[in-house]
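Hi,

Here's the structure I promised to pass along.

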Amino acid sequence: LRTFRTELGTQKSVKAAALLPLTALFKLGLPVLTAHETRHLACVLREDYERTRANTARVKANILEAIAALHDTLPQPGPLSLERPEDAVAAAAKITDVPKAPTPQWLLKVGLHTLTQVDGSTVLVAEGLDAISSAAAALV
């Protein structure tokens, strides 16, 4: 898992390729991660999705697919149920020191946003629909 994650550099082709095995592992329920590890990895993926403007539609689609796969395999409520856990916020010097997790609500919002893109990629829209499905299942 760490090997794949460290490949998520700035090169878009490397980033897109590295996400595919991660997503496949998540769909199989592998590796077995602790709640803290799951949350950390999901926060890194969300941050990459939101902050890296240079990401292609394929990379964004792969990130959404990985986050959706995490939600699909987690018990609910799980480590991604809260954007920022209260205990982590209380222990942090600033609220911004606690990264935001991709909650089901966030996944739903982002999935719906992909549908409103005028020049949206069909790959991104397809993963947006998958994200909506995963978010809805996690919210029920």
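Let's start in helix α3: Arg51 and Glu47 sit 4 residues apart there, so about one helical turn separates them. (Helices are DSSP runs of H or I, at least four residues, and strands are E runs of at least two, numbered from the N terminus.) Before going on, note that this is a predicted model: local features need pLDDT of at least 70, side-chain atom pairs count only at pLDDT 80 or more, and totals for chains, interfaces and linings use all residues. Residues are numbered from 1 along each chain as its sequence is written, and side-chain values use heavy atoms, with hydrogens and water left out.

Arg51 and Glu47 form a salt bridge, with the closest N and O atoms 3.4 Å apart; the term means a side-chain nitrogen of Lys or Arg within 4 Å of a carboxyl oxygen of Asp or Glu. Arg51 is exposed at 64% relative accessibility, while Glu47 is partly exposed at 38%. My cut-offs: buried is under 20% relative accessible area, exposed is over 50%, partly exposed is in between (1.4 Å probe, protein chains only).

Next, shared partners join Arg46, Glu50 and Glu83 into one salt-bridge network. Arg46 is buried, at 4%. Glu50 pairs with Arg46 at 3.0 Å, and both lie in helix α3 (residues 35-51), 4 residues apart. Glu83 also forms a salt bridge with Arg46, at 3.1 Å. That pair links distant parts of the chain, 37 residues apart, with Glu83 in the loop between α4 (57-73) and α5 (86-91). Glu50 is partly exposed at 36%, and Glu83 is partly exposed at 32%.

By this rule the count comes to 4 salt bridges.

Cheers
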